[in-house]
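This report describes a single chain, moving from one residue near its end to the chain as a whole. The sequence and the structure are shown first.

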Amino acid sequence: MELDNPVIPASGTFGFGNEFKDFYDINILGSFSFKGTTKEPRFGNPTPRIAECEAGMINAVGLQNPGIDKVISEELPRLRTYFHKPVIANISGFSIEEYAYCCERIDKEEQVGIIEVNVSCPNVRHGGMSFGTSPEAAAEVTRAVKAVTTKPVYIKLSPNVTDIVAIAKACEEAGADGICLINTMLGMRIDLERRRPVIANTMGGFSGSAIFPVAVRMVYQVAKACHIPVMGCGGVTTARDVIEMMMAGATAVQVGAANLKNPYAAKEIIEQLPIEMERLGIERLAEIIGIVE
């Protein structure tokens, strides 16, 4: 899958693109990763499920989505009318069987270019991140999905681990075509007046510019250790962030929380990218991927 540019809105921050298409022509994007999809429809966690932070936000939406059947029968046909490039399908699950079932179904959809397997969601119990915190479990999901798919499979990893490289390498050895990292970190806010957690789920995924240095470090480590492409994600807000992430080893870069604060974030980054490249003497982005030793 070749991209016109490396900028990709991250799953959970761009829906199925429908809300953003009225702001600008979203076909300028390299691609986008659509809302995390599970086998059954999910309402998500109880509210409130968003908490503001100084340099980011905490969310515990809990994989709210219409389920794989409606995504295939309703969302993808609608998406095809306003987005004309291959999309990234983000798939989540609560068992190995669910991951395999959903990935096998979505693999048959013509508009899906990459399957992004989310083993890193910190906002749901008994699923998501529990598969992404051990090399063995992440590898097991990878093998199960690869056995039933033909399209490239990227495994989206959690930063809430002690050894990100061991997990990434286990996924690579199990057949992953690429790695996406990082998902949100685990955070919490307390309402001082109420003396209770701000969000109903107590803890949630911490994202935004504050986590960018952690994301760059993990992209660098994994890109150096693995021989498959790495998609960088985590706290990206500017064109310079995209370049930094690519210098660390990312072949494409996802923009997450910034979309929720500014619906034009990805558009502005794409427009600014050639200006920053010229300023830094970069002729082609491909030349800087992993340039930092």
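Leu-280 lies in helix H8, which covers residues 265–280; helices here are DSSP runs of H or I with at least four residues, strands are runs of E with at least two, and both are numbered from the N terminus. With a relative accessibility of 40%, Leu-280 counts as partly exposed, the class between buried (under 20% relative accessible area) and exposed (over 50%), with a 1.4 Å probe and protein chains only.

Once neighbours within four places in sequence are left aside, Leu-280 is in contact with Arg-240 and Ile-243, where contact means heavy atoms within 4.5 Å. Ile-243 is 37 residues away from Leu-280 along the chain, and their C-alpha atoms are separated by 9.8 Å.

## Basis of the values

The model is predicted, so local features need pLDDT of at least 70 and side-chain atom pairs count only at pLDDT 80 or more, whereas totals for chains, interfaces and linings use all residues. Residues are numbered from 1 along each chain as its sequence is written, and side-chain values use heavy atoms, with hydrogens and water left out.

## The chain as a whole

The chain contains eight helices and 13 strands, and its C-alpha trace spans about 50 × 50 × 40 Å along the principal axes. Of the contacts between residues at least 6 apart in sequence, 72% join residues at least 24 apart.

## Nonpolar cores

Buried residues make up 56% of the 293 residues. The largest nonpolar core has 82 residues, and Ile-106, Val-117, Leu-157 and Leu-181 have the most contacts inside it; such a core is a set of buried Ala, Val, Leu, Ile, Met, Phe, Trp, Tyr and Cys residues joined through side-chain atoms within 4.5 Å. A second, separate core of nine residues includes Ile-88, Ile-114, Cys-180 and Ala-252.

Beyond four places in sequence, the contacts of Val-117 include Ile-91, Tyr-99, Cys-103, Val-141 and Ile-155.

## An exposed loop residue

Leu-192 sits in the loop between strand S9 (190–191) and strand S10 (196–197), and its relative accessible area of 67% makes Leu-192 exposed.
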